[in-house]
Amino acid sequence: MPPVPRLPLLDPASLSPELRVMLEKWQADGGDPNFILTFARLPETLARFVAFYSPLVRKGRVEHRTKELARLRLAQLNECQY
């Protein structure tokens, strides 16, 4: 049986127009929509986090692919089910 999330995902139709735009951009950049659909309950916190996190992931000296491989390996080592 797959794990059941503790917080149900929000319906994209219930999001504000600003959050829908954020969701579309996040998905266009290859992001998991579940992240936005979970954390949209706190829209101001979500906006601040995305503004902080996106440049860390998408920019810098280390290419995005290498960062993603490191994240995947860390998830594997920690037996992350998500």
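The structure is a predicted model, and every value below is computed from it. In this model, the secondary structure of the protein comes to 4 helices and 0 strands.

**Overall form**

- Read from the N terminus on, the elements of the protein follow the order α-α-α-α.
- The C-alpha trace of the protein spans about 35 × 35 × 20 Å along its principal axes.
- Of the 82 residues in the protein, 17% are buried.

**A nonpolar patch on the surface**

- Phe52 has a relative accessible area of 54%, and this residue is therefore classed as exposed, since the cut-off for exposed is over 50%.
- Phe52 belongs to a nonpolar patch on the surface, which is formed by Phe49, Phe52 and Leu56.
- Together, the residues of this patch have about 310 Å² of accessible area.

**The pairing of helices H1 and H3**

- Two packed helices are described by the angle between their axes and the distance between the axes.
- For helix H1 (residues 17–28) and H3, the axes come within 12 Å and cross at roughly 30 degrees.
- H1 is therefore roughly parallel to H3, because angles under 35 degrees count as roughly parallel.
- The crossing of H1 and H3 is left-handed.

**Val57, a buried residue**

- Helix H3 also contains Val57.
- Val57 has a relative accessible area of 7%, so this residue is buried; the term buried applies under 20%.
- Val57 and Glu68 are 11 residues apart along the chain, and their C-alpha atoms are separated by 8.3 Å.

**Salt bridges**

- How many salt bridges does the count come to? The count comes to 2 salt bridges.
- One of them joins Lys25 to Asp29, with the closest N and O atoms 3.2 Å apart.
- Lys25 is exposed because its relative accessible area is 54%, whereas Asp29 is partly exposed, with a relative accessible area of 38%.
- A salt bridge is also formed between Glu68 and Arg71, where the closest N and O atoms are 2.6 Å apart.
- Glu68 and Arg71 both lie in helix H4, and they are 3 residues apart, about one turn of the helix.
- Glu68 has a relative accessible area of 31% and is therefore partly exposed.
- Arg71 is likewise partly exposed, with a relative accessible area of 29%.

**Arg61, in a loop**

- Where is Arg61 found? Arg61 is found in the loop between H3 and helix H4 (64–77).
- The relative accessibility of Arg61 is 89%, so this residue counts as exposed.
- Arg61 and Leu9 are 52 residues apart along the chain, and 34 Å separates their C-alpha atoms.

**Asn34, in helix H2**

- Asn34 has its place in helix H2 (residues 33–39).
- Asn34 lies 26 residues from Pro8 in sequence, and in space the two are 9.7 Å apart, C-alpha to C-alpha.

- Glu79 lies in the segment after H4.
- Although Glu79 is not a glycine, this residue has a positive phi of about 55 degrees.
- Glu79 has a relative accessibility of 63% and therefore counts as exposed.

Notes:
Residues numbered from 1 in each chain as written. Predicted model: local features only at pLDDT ≥ 70, side-chain atom pairs only at ≥ 80, totals over all residues. Heavy atoms only, no water. Patch = residues over 30% accessible without salt bridge, like charges linked within 9 Å, V, L, I, M, F, W, Y side chains within 5 Å. Areas by Shrake-Rupley, 256 points an atom, 1.4 Å probe, with all protein chains shown as cover. Salt bridge = Lys/Arg side-chain N within 4 Å of Asp/Glu carboxyl O. Buried < 20%, exposed > 50% of the residue type's maximum accessible area, 1.4 Å probe, protein only. Axes fitted to C-alpha atoms, helices over the stretch in contact; angles between N-to-C directions. Helix = DSSP H or I, 4+ residues; strand = E, 2+ residues; numbered from the N terminus. Parallel < 35°, antiparallel > 145°, perpendicular 65-115°, else oblique. Left-handed = near helix turned anticlockwise from the far one by under 90°.
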